[in-house]
Amino acid sequence: MAALEEEFTLPGVPLGSGPDGLLGVEQSDKADQFLVTDSGRTVVLYKVSDQKPLGSWSVQQGQTITCPAVCNFQTGEYILVHDNKVLRIWNNEDVSLDKVFKATLAAEVFRIHSVHGTEPLVLFKRGAVRGVEALLAEPQQEVEAVISDEEAIKWTKIFMVFKHPILLFITEKHGAYSAYVHVLSSGASSKYTLALGREDRSVLQSFAASVDRKRISLITFSSDGCIYETLLPTHPSDPGKDQVAVRSLVIKGIVSEKAQSGVALSILDRDHLAVLGTPLSGGKDCLSVWNIKFQTLQASKEFPQGTSGQLWYYGEHLFMLHGRFLTVIPYKCEASSLAGALGKLKHSVEPGIPAMSHFVNWETSQDCGLESQKPEPPKRTLRTKNVAVSSQPAVSASRQLLLTIKNGTEKHIEVELRKFLAAKQSPDFHTAVGDIAAGLLGRCQAEPSFYPRGCLTQLVQTHVLSHSLCPGLMDLAVEKADVQLLQLCLQHFPDIPERTTCACLQLFLSIGDDRLQETDVSTESVFHCGDAGQEEPMEMQKEILENGVQAAGDQCSDCDRGLQGRPLGSNEEASSSPVTPKRAALLNSVLHSAYSEACLLPHLKDIPAQHVTLFLRYLYFLYLKCSENAALTLPGTHPPSLNQIMDWTCLLLDANFTVVVMVPEAKQLLTSLYKFVKAQISVYSELNKIQVSFQELQKLNQEKTRTELYSIEVLELF
Amino acid sequence: MGEFRVHRVRFFNYVPSGIRCVAYNNHSNRLAVSRTDGTVEIYNLSANYFQEKFFPGHESRSTEALCWAKGQRLFSGGLNGEIVEYDLQALTIKYSVDAFGGPIWSLAASPSGSQLLIGCEDGSVKLFQITSDKIQFERNFDRQKSRILSLSWHPSGTHIAAGSIDYISVFDVKSGSATHKMIVDRRYMGVSKRKCVIWGVAFLSDGTVISVDSAGKVQFWDSATGTLVKSHLLANADVQSIAVSDQEDSFVVGTAEGTVFHFQLVSVASNSTEKQWVRTKPFQHHTHDVRAVAHSPTALISGGTDTHLVIRPLMEKVEVKNYDAALRKITFPHRRLVSCSKKKQLLLFQFAHHLELWRLGATAATGKNGDVLPLSKNADHLLELKTKGPENIICSSVSPCGNWMAYSTASRFFLYRLSYEHDSISLQRVPKTPAFLRSALQILFSEDSTWLFVASSQGPLHIMQLSAGCFQHLHTFQPPSGTVEAMCLLAVSPDGHWLASSGTSAGVHVYSLKQLKPHCTVPAYNFPVTALAIAPSTNNLVIAHSDQQVFEYSIPEKQYTEWSRTVQKQGFHYLWLQRDTPITHISFHAKRPMHILLHDTYMFCIIDKALPLPNDKSLLYNPPSLTSESGVVRRRTPHAFKISKKYKPLLFVELLDERTLVAVERPLDAIIAQLPPPIKKKKFGT
């Protein structure tokens, strides 16, 4: 779990006096020490663990620092550029920047990059790159222009890949963005045009990038409020050629694009992204850490005094300007397990149904595009295009559908949805389905009369929906008493909260039989007591007697007899289901659902007494049925298991014991249940005794087969 | 091959002694193992882990410490206070020196190998100089309060660490004074325990001292400052042993719970130079205390009270995935403890301090494969003969006719004459054994029981003639001049013309008994011989080597036989070569010279030389299920190797007559039942 720890402020000089906040925060050659360059005239060296500045340098009045100071890791000296062209190199002992080494360059510098393992690299505004050593040898050397005159570098970053530096910079020209990847060791440079969405003229506001061995992942925040990822190869297949890099949506709508101070991104690790900006709902600036794999918010923090919209991340610290001072937020990310949070899982999975479909497969949904590129890295860019082409229509189709949902008729939506679902599943199918469901729900909430049952059923049947993807769906279905949809949800959702499960249960118990009759509920999990009653009444009776139960139970209500359409003798009362098959099917789906006891108990208390009694009676009936055969299972496809029945009985009694004891009709039921359980216990204790005897017998048998100390045997060798 | 009647014998109540120390020698890739009864065994790790030498134990000489010095010299120290050096050529004890410090608990040879350090009961640490033929006391270090249980040299040889009770001392070798005393926390899980015994220390070249103690801790100390750097709580019981690899990048510790833990020096983060010791792998191959561990470059070796020697290869160090990469568990000695009189159907069992003579039972019934026949007469325990004195028995033998029995300890040789009257047996020692017959490494009677062959340590082979009640010395074959090599294996031809002997390293010598002179030497082979036998009528010598090769050498023609050449040309079946226990006995039946019976611990095999050899595609081990199938299947896969794995672990198999076998089994359960109870560990759910 990622967590932002308590922040602290680095005291000292007030910063951010210039118009652009800070120029930069850079690592120095000592761990824990950072060079902070103000956009005015000051450079401060901070020791973070001590929370104090170690040194501060300023340029003369009238000069402006134009490029953040960096540390040359090979020599330990600091380098900065002021007034675009003047290079200054100094070290800790120097007091004034006026008297230190100075070199005036021929061209304007954009940034100096310095990373461990290589000399600092100077990126000129026209896109040329030079090593500092070579530059200092001949400061006035000619610097070529790599990018055209109208292009301007927006952002840049350096990476070390296999010990070789790779420089990435983004340029903008009339709203078109290009990425240049420059491999220093080979001098190869390649240009990628960043493809933006078709319809909008969005502006890229901020950038972040990370690298693994083969590709650079460029994260961009676009003015449409979404964050996109673009993958660029570190070693292009054909350098020199212009290529188009397609972006994919990472996360959307988490910060407002209209933030005053802009939005800053920082990649914390493979899955975590820090975003600084104003939330959509407005308000103060807020730093949030997102898990981009699961699209969940991990941590967030508000900054009431405003920020400069800049964010730096080194090691385990996030740096930002909060008010007038530099604030450091230690950041920790620990591994967490999803399974730990899930509680009790479903007990039995029918062998025919593939179990995987219950869970959203994040690996495939997220990495699908990447995975497909892996086998043939050289053709990567091309592949991206293909993927983009195939996924683009899906995205737009879902968008189209969302538009339809907003104002179309129920029929129309259903037709469109069917079309959408019939199309080939795209990598972001999960999210698209989630969006559609959310869209439908939104409209349902807005228009009480609107209830597209068919659409919702179709969506649930895709097996990709889960409760957390559309939190309001089941509540809505409960509200509309749509038992059919609820049954589907209970069957397909792995993550239903106990509160909702209980609401379903209550609905299933309370809904009128006449209404149930109309619905089309799948009753495959129901044991057809009608058949059993016909075939084996004698046997059943005998077994019950054997188990020590007086079969003359008169506890069963006879409300269902009419529905059963068969007269039943008093001896068989216990064997006739107290609920209709359809209701039984619904209750079975509740029995099958996953839950954790502690969360379920308080909600079970809310069920009225007569419903509790009915459910208990049904459970008792199932229990009796289970006990009829040696395997302790119910017949039929996918029936509730004995454990589920027992667990629910115990839970129900635990939650409602005082109530149930007071209800007269339940008392009888409790008594017979108690008698039956007691009889079962005595049977099982006898069985335990027999088991011991059998074990002894088996042991004796084994000893017999074990040979004595001496024997003469016949052996045939062949 | 046909049906055999098998006497399945399980009454040989043999229990190996627990392992006390192990010492690994990097130069020769050999492992010395000492057992609680004082026996010292040498395993050749290059020769398929064959136990090539052993020194018999002695009741008063319990070994507490074992170490190699000056390359190939082996020293031990024990509770009798003596330092013992072993003669690895003659297989005798070279000398013993009293250290005058009470029982010796620890030994350590200096990195150069020229000095020997011992830790004594009285708290003294004594330094001995190793001279070319002896050791010489040099000086004492500062005396400590209590016994010195463990010692370790710094690889530079300037300092030593000594583990005592409750503390570890660091000595400067030059001055002999203690520079640091590091007190170990006595508390164990917050409870104050009485004493904390430092069972082992290891001094690393960077100055770190690793200690293992009775509180279950592995601790890292800085010897320069005398401070505790790091502590690992490993077990609820004692950690009893430690061994560090030569590269000092990994070490192994053994606990009283039977677990062996591997520690490795690993980088804190990838591509970072900072490294730390991390407990990487636990191994649970033992049920009882792991008293000793060793670290070879490719394997972790451990042994303890449960008598197994376990060699666990480190998979990351094994370059080729051959059979050496498999776990080895050595439980039984690689020599014969049982001899048999075919005529009288007697079995002689050799224990450490006594012999047992049994007569096999009989049956009148017949049956088919797998039947257990009803006994008409049960096996009789005829005799139990206890040795005099504290020495263990080295070897023993009963003559084929059953009238003679001989055994030897390290200093005495005994020959007995047995006489039978109905069911009773009487035993009479043959007096006046000549002085040169002091100790024997191997005793063998000729087929007609008129000759006795004794291989004595130092190398000479004595030949005696036996006649009613007395015996006389006939001849002695002296080893080739200038060599001292003990002969461990003997074989005589059934017609009494030839005698073959094999030593620990050099080849097999064949002597003519008619002319009483050496006949020839079998071409040398790289791997030690594990068993020898001469076939009847053809006088072919069959030799099994520790790499599982079997050769047949014709003595009269002085060359390998045609069959042996064919076998070598085609090669043995890969499964045959992958067996991990050596063949310890080869035997023939007089009427069937074409059939060779041989066995190791897990199978016995009759090789029918008339049948074709199996190739790698054919089934070497015929599955037992074939018996139930039709003969068609059986005929399709006939090959020379008729193997049965029905009886195991096997200590002895012999052909009593054409259709009768005796197989002596020693089930592991029976051994475990006789061991002391292990430390009880709470298991989940009990």
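How many bridges join S50(B) to strand S51 (residues 550-554) of chain B, and in which sense do the two run? Five bridges join them, and they run antiparallel.

This is a predicted model, where local features need pLDDT of at least 70, side-chain atom pairs count only at pLDDT 80 or more, and totals for chains, interfaces and linings use all residues. Residues are numbered from 1 along each chain as its sequence is written, chains are lettered from A and ligands numbered from 1 in the order in which they are written, and side-chain values use heavy atoms, with hydrogens and water left out.

**View 1. Strand S50(B) pairs with S49(B) and with S51(B).** Helices (H or I, at least four residues) and strands (E, at least two) are DSSP runs, numbered from the N terminus, and two strands pair if DSSP finds at least two bridges between them. S49(B) and S50(B) run antiparallel with five bridges; look for B:Ile534, whose bridge partner in S50(B) is B:Leu541. Over on S51(B), B:Glu552 is the bridge partner of B:Val542. S50(B) is mostly covered, with six of its six residues buried (buried means under 20% relative accessible area, exposed over 50%, partly exposed in between, using a 1.4 Å probe and protein chains only). B:Asn540, B:Val542 and B:Ala544 point one way, B:Leu541, B:Ile543 and B:His545 the other way, and all are buried.

**View 2. The turns on either side of S50(B) hold positive phi values.** The hairpin of S49(B) and S50(B) has five residues between the strands, and B:Ser537 there takes a positive phi near 60 degrees. B:Asn539 sits in the loop between strand S49 (529-534) and strand S50 (540-545) of chain B. B:Asn539 isn't a glycine, yet its phi is positive at about 55 degrees. At 6% relative accessibility, B:Asn539 counts as buried. In the other hairpin, S50(B) and S51(B) have four residues between them, and B:Gln548 in the turn has a positive phi of about 75 degrees.

View 3. As background, most residues other than glycine have a negative phi, and most peptide bonds are trans. B:Tyr49 is not a glycine, but has a positive phi of about 60 degrees. With 7% relative accessibility, B:Tyr49 counts as buried. Then there's the cis peptide bond joining B:Lys648 and B:Pro649, with omega at about -5 degrees.

**View 4. Helix H15 of chain A is largely enclosed by the rest of the structure.** Residues 581-592 make up this 12-residue helix, which reaches 16 Å from its first C-alpha to its last. That's close to the 16 Å expected at 1.5 Å a residue (the expected span is 1.5 Å times one less than the number of residues). Of the 12 residues of H15(A), 10 are buried, among them A:Arg583, A:Asn588 and A:His592. The cover over the buried residues of H15(A) includes helix H9 (483-492), helix H10 (498-510), helix H11 (513-518), helix H17 (609-626) and helix H18 (642-662) of chain A.

**View 5. A:Thr501 sits in helix H10 of chain A.** A:Thr501 counts as buried at 1% relative accessibility. Leaving aside its neighbours within four places in sequence, A:Thr501 is in contact (heavy atoms within 4.5 Å) with A:Ile496, A:Val590 and A:Ser593. A:Val590 is one of the buried residues of H15(A).

**View 6. An open sheet in chain A has five strands and mixed pairing.** The order is S14-S15-S16-S17-S21. Strand S14 (152-161) and strand S21 (242-245) stand at the edges, each with a single partner strand, so one side of each is left without a neighbour in the sheet. Inside the order, strand S16 (residues 176-183) and strand S17 (residues 189-194) pair in the antiparallel sense over six bridges. A:Ser178 has A:Thr193 in S17(A) as its bridge partner.

**View 7. Two cysteines of chain A are buried.** A:Cys67 has a relative accessible area of 0%, and A:Cys455 has 0% too. The closest cysteine sulfur to that of A:Cys455 is in A:Cys444, 9.1 Å away and too far for a bond. With a disulfide taken as a pair of cysteine sulfur atoms within 2.5 Å, the count over all chains comes to zero.
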